[in-house]
Amino acid sequence: MEPRIDTRRKSFQFRTYLIYSIAFLLVCLATYTIPWLAGKTLIWNVDGIAQHFPIMAQFQRMLQGTAHQAMSGWSWNLGAGADQLTTFAFYIIGDPFSYLIALFPAAKLELGFQVLILLRLYCVGLSFLAWANERDFSTHSKLIGTLIYTFSGYNFYVSMHHPFFLIPMILFPLLAMGIEKVLHKQNWLPLAVAVALALISNFYFAYMLAIGTFVYLLTRYFNIRHNHPEQLKNGRIIYGLVQGVVTGLLTAGVILIPTLLAVFQSTRIAYHAKFANGLILYPLKYYLAMPNQLITSTTTKDYWLVLNFCGLTFLGAVYVLRHFKRYRSLATIITLTIIALMLPQFSAVANAMSTPSNRWLFLIVLPMSLATMILVDQLKNLTQNDFVSYGLLLSFLLLFACQTSLKISPRHVGTILVGLVFINVISAGQGWFSPNNSKNINSNLASGSAEQWLHKYYDGAQNGLAKNGGFYRTTTIHNYYPHRTAGNNIPMVLGTHDLGAYYSIQNGSLFQFSRSLDNSQAVVNSVLGEADGRTTLLNLLGVKYMFAKTDIVKKPQAIPYGFHYVRGKNGKIVDFPEQPVSGLSNHSGTILLKSNLALPLVYTQKYVISAANYRNMSPLQREQAMLSGAVVEKPVDGVSMTEPQNNIQNVPYTTRLFDEHIANNPVKAVLDRLRISPNARYRDTAKKYKTTLPANKIRIWEKATGINPNAKPLQSVLAKNHRIVAENQAANANGLHLMDNDAQGRHLSYQLNINQPEKYRHSELYLVIDGISHTTHSTADRLNSLTADSIIDGTPVSKLQKIDRIRTALQHPDLGAYTLSVQTPNNFTYVRQLPENNLSDYEDRQHIVLNLGYADNLQKSMTIHFNGVKQLKFRSVKLMAVPFNRQYNTRIQQLQKAGLTSQKVTNNSVSGYTDATERTRILTTSIPYSTGWHLKIDGQAGDIFKVNHGFVGARIPVGRHFVSLKYQTPGLALGKLVTAVGIIWWLAFLIGAIGRRIYRRFAK
């Protein structure tokens, strides 16, 4: 990237590494001890506790032999079941540091988790220093570059939130060092090792690293070609690159091949998200926050815009850009980075063609550190024009300006600069961690809480689950925990076979099944959630137990049909008292609900339903249809088709707008002021009359509240509200089609009144919404609502308040998020539309099927609220009822009897006997479909295929048979072979290189 290429220092400089190690220790003492002093950990209260910490806990148990789970193969504790190797490969399988967790006792897991974060961070610096030693820089500049690279804002951020993301920061300098070796006609083995490590560690970051390494190769190649073309031997370079990349690919095969096969069958492929979340440009607040993001750590990190560089780094970037011709390659990279930061399309491309995430910014830390090293070594050559270009970063500028007048030697300048950078990175670190400087640390868990929650998640209720009686799954009732994430992986550690699973790589077939039923909780990172508490869906998935808050005993909440309280021998509900954990408990305690209607893991069906017929059904019809037959893509020889009856009932309703508090006439404006009055008598009057006043009191109260009914500003607001009420009543005359705000920006609520509610007792009600569109708030809307509020309430608004409202609207724009909630007499539920800056599970919802819960009693009405966007419009909103009765129970019991006898379920196998029948049947399972499952019938190989749009199925001939399903990670055998070839290839050339070196030594 810069012209120094022919005088590289190749010796191992122990002193430099020692100084770096001491500096690293001191910076950590001044920064990473702050969370400890504040009683906090480096475990984030979002993904940290929901995803990373449980995964590390399970990995530790696997390494120590207490989890009864191999590194590869199938695990029933990964949601509904998934491949262990490919699920964990995104996180820790390829992370060599994670294996060190085995050295920590289980009781010190939290400590080990944090120690490994610091160890990774230390190796980030070692890696950069190794690369820097391949270049001709002074010791001071190398130390400065290493400190800046190690303690960049990106590293501070991921160490608090995603510690596994430190690995690519280690790998990028190693890849760059491998490129240097190849370009300078040395061996390609370091490149091969770096490529292998990158591919093994994480395929997602390997993609970004490939982009960064390719750019590094191009810039270095053309730089050398421009300055020293005689040094380039193109044939040898191509040979070294091909050998390095191919050998690395081969060596990584054991992890890479199974992982890629899993990714191609995962939700990442099954779900077609809008490219860059549909953005043309980022929201304005992104660009407004960018200058502050460059040097501070206190702003929100939207779209992963994490920069926070050392002040000296900007001087280095300015120096490189100012001397563009001399440092053409590096200056071009900096320029292109600035352009790329402006465009969500670039971030989406770098983020594997998906969401506009700037995670790729870790790649820019190395060239920015390089620019800093160049500046440090060029201090003696700075001109007066350079000083003018730099601005006012005073501490560094004063030093630069004084070095000549005070005759400070370059060595002393370098030493002082190291000290200033040392102070700068400590200051940056304290900005990240100190609760006095920012809110960052507030989102991390209190010391000890993560480890406690790992065991107290269910308040010990997992011990009340049946220890025998065959395989079953569990789930939690809606709102058992108010998760900030799509799920939580702690049940994996507790071995409860919980449906919920929160992983980046999820089974694509299972996702398609869940989406075909319009499961409102299905997202890319959690394909089932709690199955939305849908009775039949839970039964199809074999859910026998449900964890619920103790609160529902006194405050009844809708529970799925067939579930009942688990009681003790004394007939009382078994209550597991709350085991409190700071900041994490549900503050209730736990009870267990049990169902006798859960279907077996494997059973047989007499009939099949064609995929075409299935697609023509509504989501609720599909769910019920799978009790009548197995859904198949192709006809199955010997098995009859069936067309299930539709028992879903359309529930007629009328819509009522709650307009009591909408100020659409002068009397309501008076009542509004009475409600907010500090005078208790006024407030009591408002409670008494609510929507109107006695005719003889109206003028009195108008005068008392200061209302002038003829004032034009008031008339304007009243007219707008009157128009909103009229529009809502017209739009919702035949079903709910519009949800709106009033003139004051308050979200309106609606009541759905069921016609002839007695017809829908003993049913599960659903809200089915199609054709959703929304209108977001503009800055003008925010300002207008403030003005309307002031007019109705009689409170003046200053110009400064208006400016503050505009600033708030710009800082927190409406990004299309909303929550739609429904309150029934016995239940509260909701569904969320995520904002467009969500980079994991964003989608623009067009259809929603929301379970309102089962009820035996009369359900006359329900209230619907929304918040977030300004307005929601629907093509149709239907209420649907799914009845449950003895006929339903009978059908479930028939399928239960068709389950395997003597069924045995282990990690990688399911076996048992089918019942003796005189007809061909379909083996139907709730095992997520994967080509890794292999079938044998009476010892003879059989074919599996997908049933029910997402599960393993097969054709079972007439008679009684012993059925065995066994699992092997797809691609693992081939991966092992490829890795063996890669290692042999690598060793052969390594031995050859050593042999040649020995021969040359003796030949001399």
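The legends below describe an overview and several close-up views of one predicted model.

**Figure 1. Overall dimensions and make-up of the protein.**
In this predicted model, local features need pLDDT of at least 70 and side-chain atom pairs count only at pLDDT 80 or more, while totals for chains, interfaces and linings use all residues. Residues are numbered from 1 along each chain as its sequence is written, and side-chain values use heavy atoms, with hydrogens and water left out. The protein contains 36 helices and 31 strands; these are DSSP runs numbered from the N terminus, with helices (H or I) of at least four residues and strands (E) of at least two. Its C-alpha trace spans about 100 × 90 × 50 Å along the principal axes.

Of the 1004 residues, 57% are buried (buried is under 20% relative accessible area, exposed over 50%, partly exposed in between, with a 1.4 Å probe and protein chains only). The protein exposes about 42200 Å², and carbon and sulfur atoms supply 58% of this area; accessible areas come from the Shrake-Rupley method with a 1.4 Å probe, and for residues only the protein chains shown count as cover. There are 95 positive and 51 negative side chains, and the centres of the two sets lie 6 Å apart. Lys and Arg count as positive and Asp and Glu as negative, without His and the chain ends; each charge is placed at NZ of Lys, CZ of Arg, CG of Asp or CD of Glu.

**Figure 2. Two residues other than glycine with positive phi.**
Ala531 has a phi near 60° and sits in the loop between helix H24 (508-516) and helix H25 (535-540). Ala531 is buried, at 0% relative accessible area. Lys690 also has a positive phi, of about 60°, and is found in the loop between helix H30 (680-689) and helix H31 (698-705). Lys690 counts as exposed, at 55% relative accessibility.

Rings of Phe, Tyr and Trp (its six-membered ring) pair if their centres lie within 6.5 Å; planes under 30 degrees apart are stacked, over 60 edge-to-face, and the rest tilted. The count comes to 59 aromatic pairs. Phe128 and Tyr149 are stacked, at 4.8 Å centre to centre and 20° between the planes. Phe128 belongs to helix H5 (residues 109-132) and Tyr149 to helix H6 (residues 139-150), so this pair ties together parts 21 residues apart in sequence. Both Phe128 and Tyr149 are buried. The pair of Tyr458 and Tyr480 is tilted, at 6.5 Å centre to centre and 35° between the planes. Tyr458 lies in the loop between helix H22 (449-456) and strand S5 (473-476), and Tyr480 in the loop between S5 and helix H23 (490-494), so the pair ties together parts 22 residues apart in sequence. Tyr458 and Tyr480 are buried. Ring pairs also link a cluster whose members include Phe90, Tyr154, Trp304 and Trp432.

**Figure 3. Surroundings of Ala70.**
Ala70 is located in the loop between helix H3 (47-64) and strand S2 (74-75). Ala70 is partly exposed, at 41% relative accessibility. Leaving aside neighbours within four places in sequence, Ala70 is in contact with Met62 and Gln84 (contact means heavy atoms within 4.5 Å). The C-alpha atoms of Ala70 and Asp742 are separated by 59 Å, and the two residues are 672 residues apart along the chain.
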